[in-house]
Amino acid sequence: MTTTEKQAVLDKVSFPVRELSVIKAEGDMDYSDGVGKKQHIIIPNRKAIYREDTGKILALPSKKYVLVPHGEVVESVFEALDKEKIDYVPTQTQLIADGAHMYVHLQTPEVYTIGDMSDEVKMEIVIRNSYDGSTPFGMELGGSRLVCSNGMRVYRKDLSINKKHYSFNPQDIIEDFMKQVKRFKETFIPFMQTCARMEITAQEAITLIDSLQIAKKYQKATLIQWDVERKELGQNYWAFYNAITYVATHVVKSYMVRRGVEAEAYQIVNERIGT
């Protein structure tokens, strides 16, 4: 990634934030100084995460919450990738809820060919962080399919690291994640190749889709997409896997539910192909 590309991402996510005490007014009105006002007290177990450039309160987490600025997280990941000489480019930077949630997507330039249909996949890293605790600090490693009609992303649960914002060192977590990045070729690519080799009957696919739990409400959409994928990729587990992850990418709205659907897809397929 060029210095300009890197700085553009950092500029977007590195807005200033700081912690403030949470104060509320309560009790009867006090007119002792001629102006009606209530007594203000500090709430002992809460603090506010304040965005200085917009003047907005992004979150009211507990006192135990550890503030980890978006910019520091992203810069540390960039430094770790550079140290390991892993090339990467940013593909998407998202700030949601006035910047309370952050997602940065990176891809490596190397292309991996999956199956006889020459399906192409790149390694993708997602960095995420939040100021309201709804999304844990974490990084995810997976493959991004390059077919325009799909664009799905597939993630292995065991190649992801998540940590709630309580008493932790982000640097230690990033170092652990780099070990997973270096294992990508030897763990994730064989999984996808095996998916492409192993056939699945139409009835087996329907039965497995019916068994989905997290993705239960998306079963109809998954069945429709399975028909599309099997015609393009063949009647194999790679097509089946793509059907579920397509729905996760294109239909599911919630980020965390999407990840749950993707994790369920991996679990179901991995149990059957035995990688």
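Trainee: Among contacts between residues at least 6 apart in sequence, what share joins residues at least 24 apart?
Mentor: In this predicted model, 61% of the contacts between residues at least 6 apart in sequence join residues at least 24 apart.

Trainee: And how many helices and strands does the chain have?
Mentor: The secondary structure comes to eight helices and eight strands.

Trainee: What percentage of the residues count as buried?
Mentor: Of the 275 residues of the chain, 48% count as buried.

Trainee: Which residues touch the most other members of the largest nonpolar core?
Mentor: They are Ile127, Phe191, Trp238 and Phe240, in a core of 60 residues.

Trainee: Which helix gives that core its largest share?
Mentor: Helix α7, residues 237-250, contributes nine residues, the largest share of this core. Another core lies apart from it and has eight residues, including Val17, Tyr65, Ala100 and Tyr131.

Trainee: Let us turn to Ala59. Where is Ala59 found, and is Ala59 buried or exposed?
Mentor: Ala59 belongs to strand β3, which spans residues 56-59. The residue is buried, because its relative accessible area is 7%, and the cut-off for buried is under 20%.

Trainee: Which residues does Ala59 touch, leaving out those up to four places away in sequence?
Mentor: With those neighbours left out, Ala59 touches Lys47, Ala48, Ile49, Tyr131 and Asp132.

Trainee: How far apart are Ala59 and Tyr131, in sequence and in space?
Mentor: They are separated by 72 residues in sequence and by 6.1 Å in space, C-alpha to C-alpha. Tyr131 is also among the members of the core of eight residues.

Trainee: Now the helix packing. At what angle do α1 and α2 pack?
Mentor: Helix α1, residues 3-13, packs with α2 at an angle of about 160 degrees, and their axes are 8 Å apart. The two helices are therefore roughly antiparallel to each other. The crossing of α1 past α2 is right-handed.

Trainee: Which residues make that contact of α1 and α2?
Mentor: From α1 come Lys6, Val9, Leu10 and Val13, and from α2 come His70, Gly71, Val74, Glu75, Phe78 and Asp82. By class, five of the residues are nonpolar, two are polar and three are charged.

Trainee: How do α2 and α3 pack?
Mentor: Helix α2, residues 70-83, and helix α3, residues 170-182, have axes 10 Å apart and an angle of about 40 degrees. That angle makes α2 oblique to α3. In passing α3, helix α2 makes a right-handed crossing.

Trainee: Which residues of α2 and α3 are in contact there?
Mentor: Helix α2 uses Val73, Ser76, Val77, Ala80 and Leu81, while α3 uses Gln171, Ile174 and Met178. The contact of α2 with α3 has six nonpolar residues, two polar ones and no charged ones.

Trainee: One more pair. Why are α5 and α6 described as roughly antiparallel?
Mentor: Helix α5, residues 202-210, and helix α6, residues 219-233, pack at an angle of about 155 degrees with their axes 10 Å apart. Angles over 145 degrees count as roughly antiparallel, and α5 and α6 are therefore described in that way. Their crossing is right-handed.

Trainee: Which residues make the contact of α5 and α6?
Mentor: Ala202, Ala205, Ile206, Ile209 and Asp210 of α5 meet Gln219, Thr222, Leu223 and Trp226 of α6. The classes in the contact of α5 with α6 are six nonpolar, two polar and one charged.

Notes:
Residues are numbered from 1 along each chain as its sequence is written. This is a predicted model: local features need pLDDT of at least 70, side-chain atom pairs count only at pLDDT 80 or more; totals for chains, interfaces and linings use all residues. Side-chain values use heavy atoms; hydrogens and water are left out. Axes are lines fitted to C-alpha atoms, for helices over the stretch in contact, and angles run from 0 to 180 degrees between N-to-C directions. Helices (H or I, at least four residues) and strands (E, at least two) are DSSP runs, numbered from the N terminus. Angles under 35 degrees count as roughly parallel, over 145 as roughly antiparallel, 65 to 115 as roughly perpendicular and the rest as oblique. A crossing is left-handed if the near helix is turned anticlockwise from the far one by less than a right angle, and right-handed if clockwise. Contact means heavy atoms within 4.5 Å. Ala, Val, Leu, Ile, Met, Phe, Trp, Tyr, Cys and Pro count as nonpolar, Asp, Glu, Lys and Arg as charged, and the others, Gly among them, as polar. A nonpolar core is a set of buried Ala, Val, Leu, Ile, Met, Phe, Trp, Tyr and Cys residues joined through side-chain atoms within 4.5 Å. Buried means under 20% relative accessible area, exposed over 50%, partly exposed in between (1.4 Å probe, protein chains only).
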